[in-house]
Amino acid sequence: LDSIDLFRGRQATHGGEISMNDILDRALNTAQLGGASYTEARAVSSRSQLIEVRNREVNALQENASLGLGVRVIVDGAWGFAASAESSLADAEACARLACRVARASARFRRGPVALAPLEPSTARYETPTRVDPFEVPLADKIALLVEATGIMEREPNIKVALGTMQFWEDRKHFASSEGARIEQRIVHSGAGIAAWAAGNDDLQVRSYPTSFGGQYEAIGWELVDRLDLKGHAAETAATANALLTAPVCPSGDATIILDGSQMSLQIHESCGHPAELDRALGHEANYAGTSFLTPDLLGNLRYGSEHVSIVADATAPRGLGTFGFDDEGVPGQKVDLVRNGRFVGYLTSRETAAALGLPSNGTMRAESWGHIPLIRMTNINLEPGRWTLDQLIADTEDGIHMITNRSWSIDDRRFNFQFGTEVGYEIKHGKRGRLLKNCTYTGITPEFWNKCDAVCDASDWEIWGTPNCGKGQPSQTMRTAQGASSARFRNVQVGVGYGS
Amino acid sequence: VSTPENAPTLATASATGPPLTREEAQLVVREALSQSAAEQTEAILEARRESLTRFANNEIHQNVTSVNHTLTLRVRVGRRSGMATTNRLDSSGLRQVADRALAIARLSPEDPHLPDLASPASYRELDAWVAATAASTPEERAAAVGPVMAAAAKRNLNAAGALTALASALAVGNTRGVFAYQPETYSQFTCTVRSENSSGWVDRHRRDVRALEAETLGAIAIEKAERSRGPGATEPGRYTVVLEPSAVAELVGMLVFLGLGAQAHQEGRSFMAGRMGERITGERVTIGDDAWDPRAFGRPFDVEGTPRRAVPLIANGVARGVVYDRRTAKKDGVESTGHAVAPPATEGPLPYSLVLGSGDRSLEQLIASTERGILVTRFWYNRVVDVKKTLVTGMTRDGTFVIENGRLTRGLRNLRFNQSVLETLENAEGWGAAAEPTVFDYVGNAVVAPALKVRDFRFTGVSPF
């Protein structure tokens, strides 16, 4: 990792040479003097770039830079947090003092002191491996690529909006704790995709590539955009959007469905990732994101899915948006089981929640920015590949629907009752893929649904899909997570809900 | 007075006034505009001090204060424009962001729809500042939520929620001489109370934190949790429903992204595209964007410095209009209504202060007039299934009840709905008098809605709880 001196530029304007460590030390020392039994200080310098081209015109182009310090403390057994955009020694002191005051106010309304699972403090550096720094690629090249891709899509009849998007993020983090941790990280995320909206007689259809929500996102550099070949997929994307206008509507009833890897990714995110968050299971999110049907008494006991279902949380997986060296509590990124051969065996945890179960933290705490506290967030929630190729699975299916690319998603606050819609579907008849279908939806109850899984495709169909917009917490935070998956088959699933009577 | 070299920080700023005063904002904006070498430049400066005391399991588990400011510069060179954002307000930071915006403009293609910058205008006064909210302390917030937790614990119930106090200031300026400044406060109390098999909820949004009596509001959530203990199941199907104001706001708020902004309309994606002047829902339905409705958390201008106008969107069931920013207005040859959204604004202009016209019934009267139906406290995880049909799916949450012979008789397990928003409004048979604001993204997108009684509301699934 390059020497990250986040504050060099700023301090120069004040004529002093104050190191990052001085700022973090000042926060730690001030908090200790203020009565903190534990303190962590996190300075983050972030930058991001968003480019959106609609119909060959630049609709949005924004670069954002942000720098600040957040200090989280435990005083009298309660949490307090304060953060400031400025980063002088005076501000480090102000943050630490205010965090201690906030914690003291909390302490009057605690039922017991916060306890943290033990942790060996680390001194380390980590950097996302990238081949081409996305911030070094000329802006004109990025725009030209999206203008060309949207131009190809516009040639298709009935296309009202041809959309191309790129987003890049870089976070440089310095973390220090009163337990002695000193960690520097540079995390880089890249994303790109295209979409075509076709409008017909009172109908609007969308087709995206390689998936919805702006495309694919990975912890990687510009090489992702090269690999995606947006221009090469533009014509087919637009043609499918147009074809959807005249396609038959997905039938209603019970059906065998095969979900593609990207739809599986969101199915995993909503119905496994979120309910496996231990803060939700313990009620910490009851007022906002909700709780979980995976209550601690079910750990190790619940048959969550069929024997084909094994799901891990893996913060070490290459290219995943949930890949990092250390979480925002300084816990090393790791790979743990959530579901093993269908049985619910693990949670995503923090130091505080893990302690409640007598476990060590498995390192999933991440904050959106320097101005937010870390929360338990999905890392890379990966469904382990099975044994089928996609072609074999389709050939093995007598009558079914192949649903591809998420279009809508909704799930209740304990993560039982879900409904998803996909951009496209294909009939499967006698082992062959048939007609295109539009307005595909399916619904179910999480453990019943996962127990209907009778086949998972192999590594040739597996991808680690990025989710750039996961919301949680108060104040609300947005996090980038990933879910690895291949296509999978489910029997007797209710489909066509919403469009029937 | 601070200088840009020494913009107010957590260490130096007043903890009770706006996080950036008018004079400080003027200095920063003037300095930022002067750093720009472009032909024309706009500045958007926002400062926020946000405090939130959060509780769960009858104890305070998270408690935060965060102070930030962001400056966005948009510069123009001929028909090209570029934009960059920073939170560094010292001279070197301002110079860097101005240089970056200019570099982006030079690398960008010409924009045939680039509008003129706003000209200086007079802004109608809109008092959005409550000193008591800005001065809210962590001790006061803890003391406010404490009795709610105690009351829940006394009944063997479990309370979770949050009390927010936010003070912010928005300043907009440009090289044509525009300068607009607005200090705002916002507060919210939200609370979920759970028993072993039921829950209740309350949620209120006000400028003035003193208007949020947490203990009184918490009692509403406690009562709902108590009354819905041991919920039963009902079959999916069409039911008459009484929707509390929050549930109505959730549905009406979906229309914002389904096509009440000019960009979606121009692209043909809006549910109103090609239907302007036609009746699209019930004659009783009037929806407008009105920043000056005192409940609607409005702002007197937008981020382009255009004065905000009140805009009729649906009047007596007829599609009447959409909101504009300067770019979409130029395309349609009309004037901006002052609804530009903060960058990157990929969806174009959007309504900020949506108001659904109300009626003359109390919630109790709506329930009393219902022989057989379902009362919905709130909807949750609502998502668009079909844009043109305004078809939305979502779940009920935290207090769903059977209505029999005009009375709430028992709690119900949560239900999934698939329902068109316009059809819901068309099927409204009873309109509440009292409207409540719901703010979906802090200061920004507010929806003011009354309770409604609606026939033939379609539930398609049931949860196990």
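**Charged pairs and chain B**

Reply: Let's start at R26(A), which is partly exposed, with a relative accessible area of 31%. Here buried means under 20% relative accessible area, exposed over 50%, and partly exposed in between (1.4 Å probe, protein chains only). One caution: this is a predicted model, where local features need pLDDT of at least 70 and side-chain atom pairs count only at pLDDT 80 or more, while totals for chains, interfaces and linings use all residues. Residues are numbered from 1 along each chain as its sequence is written, chains are lettered from A and ligands numbered from 1 in the order in which they are written, and side-chain values use heavy atoms, with hydrogens and water left out.

Me: OK, so which side chain does R26(A) meet in a salt bridge?

Reply: That's E93(A), at 2.6 Å from N to O. The rule for a salt bridge is a side-chain nitrogen of Lys or Arg within 4 Å of a carboxyl oxygen of Asp or Glu.

Me: Where do R26(A) and E93(A) sit in the chain?

Reply: R26(A) is in helix 2 (residues 20–33) of chain A and E93(A) is in helix 3 (residues 89–107), so the pair links distant parts of the chain, 67 residues apart. Helices are DSSP runs of H or I with at least four residues, strands are runs of E with at least two, and both are numbered from the N terminus.

Me: Is E93(A) buried or partly exposed?

Reply: Partly exposed, at 22% relative accessibility. E93(A) also has a salt bridge with R97(A), whose closest N and O atoms are 3.5 Å apart. Those two both lie in helix 3 of chain A, four residues apart, or about one turn of the helix. R97(A) is partly exposed too, with a relative accessible area of 49%.

Me: How many salt bridges are there over all chains?

Reply: The count is 66. One in chain B joins E42(B) to R74(B), with 3.3 Å between the closest N and O atoms. E42(B) is in strand 1 (residues 40–56) and R74(B) in strand 2 (residues 59–77), so the pair ties together parts that are 32 residues apart in sequence. E42(B) is buried at 5% relative accessibility, and R74(B) counts as buried at 18%.

Me: Which residues do shared partners join into one network?

Reply: R47(A), E127(A), D133(A), E170(A), R172(A) and R186(A).

Me: What radius of gyration does chain B have?

Reply: Chain B has 24 Å, which agrees with the value near 23 Å that a compact globule of 465 residues would have. That radius is taken over C-alpha atoms, and the globule rule is 2.2 Å times the number of residues to the power 0.38.
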